[in-house]
Amino acid sequence: MPHTPMPSRRKTLQMLAGLPLLPLGAGASATGLLAACGGSDDTAAFKSASFTSMAAPTLAAPAAMATTSVGSTLKITYDDNSTQTFNLAYQPFFVTGDMVSDGKGGKLLAGGYVDINNQPIIDKTVAGAERQYFSDSPDGTSLLTVPNAKVDGVKGKPVFAVVQFEYTTWAQDGKTDMYGKLPSPIAVLTLDQDQTTGKLSLVKYYNVDTSKVHGLWITCGASLSPWGTHLSSEEYEPDAFSIASNTMFQAYSQNLYGDATKANPYHYGHMPEVFVNPDGTASIKKHFCMGRISHELVQVMPDQRTALMGDDATNSAYFVFVADKEKDLSSGTLYAAKVGAGFSIDPAVGTAAPLTWIKLGSATSAEIENLANTLKPADIMSVVKADPNDASYTKIVANGKTEWIKINPGMEKAAAFLETHRYAAFMGASMGFSKMEGTTVNAKDKVAYSALQNCQDSMVVGNAANVPGNGISIPKTLKAGVVMALNLRGGLKDTAGAAINSEWMPVDTKALLAGEDIAADALGNTGNPNKICNPDNLKFSEKMRTLFIGEDSSQHVNNFLWAYNIDTKELSRVMSIPAGGESTGLHAVDEINGWTYIMSNFQHAGDWGGIHNVVKDQLDPLIKANYKNKAGAAVGYLTGTAAQMRLQG
């Protein structure tokens, strides 16, 4: 609701002036609500926000389990202790597979795949029903504005959403696995922001041309940079040493280039950045100097230089990139963390494990891209799977497997930025995390948050992937995962004694919230449905002092979007995702033209696993009816409508 203070005696307007809130739903307007209120000369400023928790849907209402279900409310408290409550709801811009406007009188397929020449990639798996592939897995989303924006068809103010599509699960025959076999598209949505209601309406859909960055590989979580660009991701970097046997990557290359051998694995596993233009078009670049890791979600700190990166892999680590210049990620220094004594995933443990930082190298994106263009894996290092009984080799664990590596003379920089996981292990970093997902920052308190979707495999003592002494060993598996909190400080030195040029480096890590593994309940949940489970997307709202958590859970029958108030410690279930789907695209936006938004998407509804045996027969036809035979998924945001008004006078 309007952020700029406005003269009025009405309680509603006092609330509007104190804090931008969620937009009103369709059909309701701020002016209409104001007209219904009595008068008072009192003024009240925003004090706090809280969410009431909705109940998890059950088979008593199967329709709610088969769609985006929102039964929560947002309660605003003012400094005079008056309150106002808003019912929350979900508003999609589209379901993938819809035909949407290109802003020029034509139509485009939402989430549609194109090759390196920007031509549609056709799904031919059903004879006589050939169609362009489209994604059922929209993921990272950024909502932003651009100075002097002007787009035909916008009647209010233009707002842009950048949306990336991670993969598609199946071809239309329902049998052909398409994960990782298609080049990930990124789209810019031009949205018309109604200045009376805050409602966002899709006006234009633009496909970003990714040909100049070699196409994109499995774009997962994303964030908005402090300077207003979309920071993308490329997850699960393809192993260059085993690429000849990687049939998934060969299929990707075939679909992208029309040639199964043309795609270069060293071009993927990097951090792309999207720059939106005032007319709703955009350009993209890849930053090759931020490490070739399983990029999940990058969080740039308020200094506009320091980036904490998620690393969604077995034997992953905390990585930080410190840029040389503000608002410019094209050159800088890459660090990996060593975890000290006391690491725990139990929030009840009072101490935090210290972090120290190993410098891996400094580089520019241009020089690393040139190395990627020219080097083969064997030019950088030797990798063997059995002990060579040769002291020149170093034993490491990478991606869950023990290896012995030897770096070729003069190839340290290439190893640091193109074989980052292996080089970080070689340098002594703590490579023991499993599936480190989203990151976000609480700037006021100088605390970062990091999601560990599962605490298993390389994290557990005795597991073949666990490295003794790496600081990350835990006594037993917690499949349900945790959210970690990391204090941020300046004045640090790396392990070689050199100063780190950042005031926002993580200095320790401690569990904040944990899920709970349980025996399967009556619905099939194997994670406590009243706690977070397999956290993935994270975003923090400074205004609401709230950490939002989206799940990627194979333990909750319905995945949830949660809100956790870091002051009151209250955890609230805000939204339920269609059963078998994953909560993605999370983005909490404190203020755009006076309005606050919570963006949210979902992926692969009805992707059944063992936990869905109780519900799938009943829910499968409902989800098929809702989401294009399970081929579609929604991109949208949460809305709010006034549920009660405190009328005075």
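Because the model is predicted, local features need pLDDT of at least 70 and side-chain atom pairs count only at pLDDT 80 or more, whereas totals for chains, interfaces and linings use all residues. Residues are numbered from 1 along each chain as its sequence is written, and side-chain values use heavy atoms, with hydrogens and water left out.

Let me begin with the sheet. Four strands form an open, antiparallel sheet in the order β8-β9-β10-β11; strands are DSSP runs of E with at least two residues, helices are runs of H or I with at least four, and both are numbered from the N terminus. Two strands pair if DSSP finds at least two bridges between them. The edges are β8 (137-144) and β11 (200-207), each of which pairs on one side only. Between β8 and β9 (residues 157-167), the antiparallel pairing runs over six bridges. Within it, Leu144 stands opposite Phe160 of β9.

I turn now to Glu369, which lies in helix α5 (residues 365-374).

Which residues does Glu369 touch, neighbours within four places in sequence aside? They are His214 and Phe288, contact meaning heavy atoms within 4.5 Å. With His214 there is also a side-chain to side-chain polar contact at 3.1 Å; this term denotes a pair of N or O atoms within 3.5 Å, where, within protein, one must be able to donate a hydrogen and the other to accept it, and residues adjacent in sequence count only if both atoms are side-chain atoms. Finally, the C-alpha atoms of Glu369 and Cys289 are 8.3 Å apart, with 80 residues separating the two along the chain.
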